[in-house]
Amino acid sequence: EAAFAGALAAILQGLSIECETVIGRRSAVSTPEGEFRGFSVLLHGIGPLQSLQLQERGLGTHRMYGCGIIVPHKPVGAASD
């Protein structure tokens, strides 16, 4: 998990995105090239333009297998609005 968090921080820094990260559940994806392991991630405190940038670009190199796809998340406090 620590190596994953470090790689994630480096990617976000390279994109000039400052936010809080919460590392979630570990998962694995099997492909013809082998098994890839990663974690779900919650990014908190990013602006709308940064969010769109991440949704267009994704994170990491295995997006063709469904990894690194960014899905907007509605804040808990907004559920009662």
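Colleague: What pLDDT does the chain average, and how many of the residues score at least 70?

Modeller: This is a predicted model, so confidence is the place to start. Where pLDDT is low, the predicted coordinates should not be read in detail. Here the chain averages 81, and 88% of the residues score at least 70.

Colleague: In which helix is confidence lowest, and where is it highest?

Modeller: Confidence is lowest in helix α2, residues 48-57, with a mean of 84. It is highest in α1, at 90.

Colleague: What does the secondary structure of the chain come to, and what pattern does the chain follow along the sequence?

Modeller: There are two helices and two strands. Along the sequence they follow the pattern α-β-β-α.

Colleague: What span should helix α1 have, given 1.5 Å a residue?

Modeller: An α-helix has 3.6 residues a turn, so residues three or four places apart point the same way. Helix α1 covers residues 2-14, which is 13 residues, and should span 18 Å.

Colleague: Which residue with a positive phi follows α1?

Modeller: That is S16, with a phi near 60°. S16 is not a glycine, yet its phi is positive. The residue sits in the loop between α1 and β1.

Colleague: Is S16 buried or exposed?

Modeller: Exposed: the cut-off is over 50% relative accessible area, and S16 has 59%.

Colleague: In what sense do β1 and β2 pair, and over how many bridges?

Modeller: Strand β1 (residues 20-31) and strand β2 (residues 34-44) pair in the antiparallel sense, over 10 bridges. A hairpin of two residues joins β1 to β2. To follow the pairing on screen, take V22, whose bridge partner in β2 is L42, and then V29, whose partner in β2 is F36.

Colleague: What does A28 touch, leaving out residues up to four places away in sequence?

Modeller: In a regular strand the side chains alternate between the two faces of the sheet. A28 lies in strand β1 and touches E35, F36 and R37. With a relative accessibility of 46%, A28 counts as partly exposed.

Colleague: Which residues make up the largest nonpolar core?

Modeller: Six residues do: L8, L12, L15, I17, L54 and L59. Take L8 as a way in: beyond its neighbours within four places in sequence, it is in contact with T21, I23, V41 and L59.

Colleague: What share of the contacts with a separation of 6 or more comes from residues 24 or more positions apart?

Modeller: Such residues account for 44% of those contacts.

Conventions: Residues numbered from 1 in each chain as written. Predicted model: local features only at pLDDT ≥ 70, side-chain atom pairs only at ≥ 80, totals over all residues. Heavy atoms only, no water. Core = buried A, V, L, I, M, F, W, Y, C linked by side-chain atoms within 4.5 Å. Buried < 20%, exposed > 50% of the residue type's maximum accessible area, 1.4 Å probe, protein only. Contact = heavy atoms within 4.5 Å. Pairing = 2+ DSSP bridges. Helix = DSSP H or I, 4+ residues; strand = E, 2+ residues; numbered from the N terminus. Expected span 1.5 Å × (residues − 1). pLDDT = per-residue confidence, 0-100.
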